Amino acid sequence: MIIINFYYMIIIKLLVYGEIMVKTAKRLNSIELSQIRKMFEIADENAINLGIGEPDFDIPENVKIAMKDALDAGFTHYTPNKGIIELREEISKKLKKDNKLAIDPESIMVTVGASEALYISAQGLFEKEDEVLIPDPGFLSYKACVDLAESKPIAIEGKIENEYKIKVEDVQEKISSKTKGMIMNSPSNPTGSVMDKEDIKGVADLATDHDFMIISDEIYEKIIYGKKHYSPAQFSDNVIVINGFSKTYAMTGLRIAYLAGENEIVEELLKVHQYNTACASSISQVAAKEALAGPQKYVNTMVKEFERRKDLVATRLDDMGLKCTKLEGAFYAFPQVENPMEYVQRALELGVITVPGNGFGENCKNNIRISYANSYEKIEEAMNRLETIKQ
């Protein structure tokens with residue numbers, strides 16, 4: 001077993017609870033660094049990582065070849081701010097084929113990962129004192145991006161009795177005259193839940209009726225088990241769709257994604273992108289184009305393996321008596337434990353990295369997040385270690 005020494009245990013507590021006073025803008029005061037990254041960075045390098053949401057697969061071979069060819073051709077300079085037209089055309093085709101969305105290439109912006117797309121959208125759509133609805137549990141970047149826009153995040157509780165799925169009535173009761181937006185994420189990080197079609201349509205109808213924008217984070221769209229993905233953009237024009245290549249094609253380090261929506265809105269959001277990053281990496285854009293245009297057998301194979309791992313995790317958590325909702329998409333489990341911080345520290349002592357749930361919202365204080373984006377064999381060994389933790 002990997003034993004984490006006393007020094008590292010102190011670091012964990014400082015990272016989670018500590019505060020450092022520095023001379024920075026006040027809007028940064030409410031922003032915390034990711035607990036996911038903190039846990040990853042302080043752990044022994046030999047620990048089994050069930051903390052970070054990064055597929056352990058290599059990128060598709062055809063993508064590697066396309067990148068090498070682009071390098072050999074000297075395609076290493078600036079591209080148009082929105083991205084190369086060939087990639088945006090492929091994204092437009094993908095949106096039409098997979099999502100039934102008629103979005104032309106000029107209404108698509110290629111970004112430096114979905115994280116930049118989310119930041120751009122928050123900066124460009126929301127103002128001071130605007131209220132923005134965010135899922136709770138929800139990915140930690142949502143609240144941070146709303147806070148950085150100096151807007152007010154309003155949590156929508158995904159109830160455990162609804163398997164953490166956001167329901168249309170949950171959204172309806174949180175809408176006010178100050179509501180200017182909502183961030184939606186299905187399949188969900190951290191819960192692995194997938195919203196039902198009627199709720200996605202219902203929320204889209206609310207966005208139209210109450211004139212607020214939905215930022216729809218669809219990065220896990222393809223990683224779904226026995227369900228069908230629906231985009232709110234199928235039902236409303238008041239939607240910015242965010243998607244990318246990190247999860248579906250294991251291209252996390254290439255930092256390449258996109259946002260799409262109404263042309264006049266995308267043109268305004270381009271101002272933030274232009275003065276923030278100018279353009280996404282030229283080589284990464286070539287990789288993304290090839291990923292979409294090339295064969296998709298790679299994706300199907302990867303998702304089947306994720307499903308196999310998902311079944312292992314679900315079975316083992318059930319054997320341990322840890323309450324966990326049905327895993328329908330993405331590659332996360334979000335079980336409840338008696339004391340999450342103690343559990344995470346004990347797991348770390350055993351050489352397994354997990355993440356405490358409190359970083360994902362106020363509704364997550366009894367949860368931990370487990371990522372099964374690791375090999376089946378390592379997950380099996382991690383579960384063997386975790387089952388020794390007494391609850």
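Reply: Lys143 is partly exposed, with a relative accessible area of 40%. On this scale, buried means under 20% relative accessible area, exposed means over 50%, and partly exposed lies in between (1.4 Å probe, protein chains only). The model is predicted, so local features need pLDDT of at least 70 and side-chain atom pairs count only at pLDDT 80 or more, while totals for chains, interfaces and linings use all residues. Residues are numbered from 1 along each chain as its sequence is written, and side-chain values use heavy atoms, with hydrogens and water left out.

The side chain of Lys143 meets that of Asp147 in a salt bridge, at 2.7 Å from N to O. The term stands for a side-chain nitrogen of Lys or Arg within 4 Å of a carboxyl oxygen of Asp or Glu. Helices (H or I, at least four residues) and strands (E, at least two) are DSSP runs, numbered from the N terminus. An α-helix has 3.6 residues a turn, so residues three or four places apart point the same way.

Lys94 is buried, with a relative accessible area of 11%.

A further salt bridge joins the side chains of Lys167 and Asp199, at 2.7 Å from N to O. This pair links distant parts of the chain, 32 residues apart: Lys167 is in the loop between strand E4 (152-157) and helix H7 (168-172), and Asp199 is in helix H8 (residues 197-210). Both Lys167 and Asp199 are buried. They also belong to a network of salt bridges that links them with Lys165, Asp196, Lys227 and Glu328. Over the whole structure, a search finds 29 salt bridges.

Next come the strands. E2 (residues 108-111) is covered on both faces: Ile108 and Val110 are buried on one side, Met109 and Thr111 on the other. In a regular strand the side chains alternate between the two faces of the sheet. E2 is joined by 4 bridges to strand E8 (residues 257-260), and the two run antiparallel. Two strands pair if DSSP finds at least two bridges between them. The bridge partner of Val110 in E8 is Tyr258.

Elsewhere, 3 strands form an open antiparallel sheet in the order E9-E12-E11. Strand E9 (332-333) and strand E11 (355-356) stand at the edges with a single partner strand each, so one side of each is left without a neighbour in the sheet. E11 is joined to strand E12 (residues 368-371) by 2 bridges, and Pro356 stands opposite Ile368 in E12.

E12 is also one of the elements that the buried residues of helix H13 pack against, along with strand E1 (48-49), helix H11 (297-320), helix H12 (340-349) and strand E10 (352-353). Contact here means heavy atoms within 4.5 Å. The buried residues in H13 (residues 376-386) include Tyr376, Ile379 and Met383.
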